[in-house]
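Visitor: I am new to this structure. Could you help me read it, one feature at a time?

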Amino acid sequence: MIAQNDGPLLCYRNVQGPPMLTVRLRGKPGNPTGVGAIVGVQRSDGTSERRTITAGSGYLSQSSAAVSFARGPVPITAVLVIWPRSEEHTSE
């Protein structure tokens with residue numbers, strides 16, 4: 001979404017981007033969306049990406065409770081979640 005000063009809110013949708021892997025966490029009461037957690041993916045070529053679950057970082061909006069990673073030509077082999085003040089959990 002894009003906001004303009006003194007103008008309407010605009011929303012664009014990417015209809016030609018690569019397919020995505022979207023991760024939405026379910027946390028315990030008190031932090032059900034996993035705010036502060038780090039979600040990462042490992043790819044078959046050894047590269048990795050990470051995203052942090054945030055809240056309230058958008059202007060006049062909420063942050064998404066989900067993070068997305070592009071499923072490109074290099075397959076994702078594992079998903080890693082580091083919960084705030086907790087242990088690591090890996091899914092392969």
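Visitor: In which strand is confidence lowest, and in which is it highest?

Guide: The score here is pLDDT, the predictor's confidence in each residue, from 0 to 100. Where it is low, the predicted coordinates should not be read in detail. The chain has a mean pLDDT of 83, with 83% of its residues at 70 or more. Confidence is lowest in strand β6 (residues 88-91), with a mean of 58, and highest in β2, at 96. Strands are DSSP runs of E, at least two residues long, numbered from the N terminus.

Visitor: Which residues make up the largest nonpolar core?

Guide: In soluble globular proteins, nonpolar side chains tend to be buried together. A nonpolar core is a set of buried Ala, Val, Leu, Ile, Met, Phe, Trp, Tyr and Cys residues joined through side-chain atoms within 4.5 Å. Buried means under 20% relative accessible area, exposed over 50%, and partly exposed in between (1.4 Å probe, protein chains only). Here the largest core has 11 residues: Leu21, Val23, Leu25, Ala37, Val39, Val41, Ile53, Val67, Phe69, Val79 and Val81. At least two of its residues come from each of β1 (20-24), β2, β4 (66-70) and β5 (76-82).

Visitor: How many salt bridges does a search of the whole structure find?

Guide: A salt bridge is a side-chain nitrogen of Lys or Arg within 4 Å of a carboxyl oxygen of Asp or Glu. The search finds 2. In one, Arg43 pairs with Glu49, their closest N and O atoms 2.8 Å apart; Glu49 also meets Arg51, at 3.1 Å from N to O. Together, Arg43, Glu49 and Arg51 form a network.

Visitor: Is Arg43 buried or exposed?

Guide: Arg43, in strand β2 (residues 38-43), counts as buried because its relative accessible area is 10%. Glu49 is partly exposed at 25%, and so is Arg51, at 30%.

Visitor: Where is Arg26 placed?

Guide: Arg26 lies in the loop between β1 and β2. Arg26 is exposed, at 80% relative accessible area. Leaving aside neighbours within four places in sequence, Arg26 is in contact (heavy atoms within 4.5 Å) with Pro32 and Trp83.

Note on methods: Residues numbered from 1 in each chain as written. Heavy atoms only, no water. Helix = DSSP H or I, 4+ residues; strand = E, 2+ residues; numbered from the N terminus.
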